[in-house]
Amino acid sequence: MIQQRIEHKLNEAFSPKHLEVLNESYMHNVPPGSESHFKVVVVSEQFNDQRLIARHRSINSVLTDELANHIHALAIHTYTEAEWAESMTAPASPSCRGGSQIG
């Protein structure tokens, strides 16, 4: 499963204090059971003193194969422990606005 592969890779790379990998494919115009749209929430000490773009690049780098071959969309939410402690929640993903059928 792609979701499990993402979880494994992010755990290995970032040793997160908190990790959520949500398959949001059901919210889009894809066949049932698809694994094409994901949202990740990663809280890691490694993000201390990193700008948001550097954090996102590091996530993209770890998931290079999945992004190139399996994932259509990836929402990335990265936090330091202090940032996460302020809200302890990531923004909700927007509703699908249509698009072409995958599959």
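These notebook entries record what I looked up in the structure shown above.

**Entry 1: ground rules**

I am working with a predicted model, in which local features need pLDDT of at least 70, side-chain atom pairs count only at pLDDT 80 or more, and totals for chains, interfaces and linings use all residues. I number residues from 1 along each chain as its sequence is written, and the side-chain values I quote use heavy atoms, with hydrogens and water left out.

**Entry 2: the sheet and its helices**

I took helices (H or I, at least four residues) and strands (E, at least two) as DSSP runs numbered from the N terminus.

I then looked at E2 and E3, which run parallel and are joined by seven bridges; one residue I checked was Lys 39, whose bridge partner in E3 is Ala 75.

**Entry 3: the nonpolar cores**

I call a residue buried under 20% relative accessible area, exposed over 50%, and partly exposed in between (1.4 Å probe, protein chains only). A nonpolar core is then a set of buried Ala, Val, Leu, Ile, Met, Phe, Trp, Tyr and Cys residues joined through side-chain atoms within 4.5 Å.

The largest such core has 14 residues, and the members that touch the most others are Ile 6, Leu 10, Phe 38, Val 40, Val 42, Ile 59 and Leu 74. H1, E2 and E3 each supply at least two residues of this core, and the largest share, four residues, comes from H1.

**Entry 4: aromatic pairs**

I paired rings of Phe, Tyr and Trp (its six-membered ring) if their centres lie within 6.5 Å, calling planes under 30 degrees apart stacked, over 60 edge-to-face and the rest tilted. This rule gave me two aromatic pairs. Phe 14 and Phe 47 form a tilted pair, 5.4 Å centre to centre with 40° between the planes. Phe 14 belongs to H1 and Phe 47 to the loop between E2 (37-43) and H2, 33 residues apart, and both are buried. The rings of Tyr 79 and Trp 84 have centres 5.2 Å apart and planes at 55°, so this pair is tilted; both of these residues are buried too.

**Entry 5: salt bridges**

Side chains of opposite charge can pair when their charged atoms come close. I counted a salt bridge where a side-chain nitrogen of Lys or Arg is within 4 Å of a carboxyl oxygen of Asp or Glu, and the whole structure holds five.

Asp 65 forms one with Arg 5, the closest N and O atoms being 3.5 Å apart. That pair links Asp 65 in helix H3 (residues 64-69) with Arg 5 in H1 (residues 2-14), 60 residues apart. Lys 9 and Glu 66 meet in another, at 3.0 Å from N to O. Lys 9 lies in H1 and Glu 66 in H3, so this pair ties together parts that are 57 residues apart in sequence. I noted that Glu 66 is buried at 0% relative accessible area, whereas Lys 9 is partly exposed at 25%. Arg 5, Lys 9, Asp 65 and Glu 66 are linked in a network of salt bridges.

Elsewhere, Glu 83 and Arg 55 meet at 2.8 Å, N to O, and this pair links helix H4 (residues 81-87) with H2 (residues 52-62). Arg 55 counts as buried at 6% relative accessibility, but Glu 83 counts as partly exposed at 32%.

Methods
Pairing = 2+ DSSP bridges.
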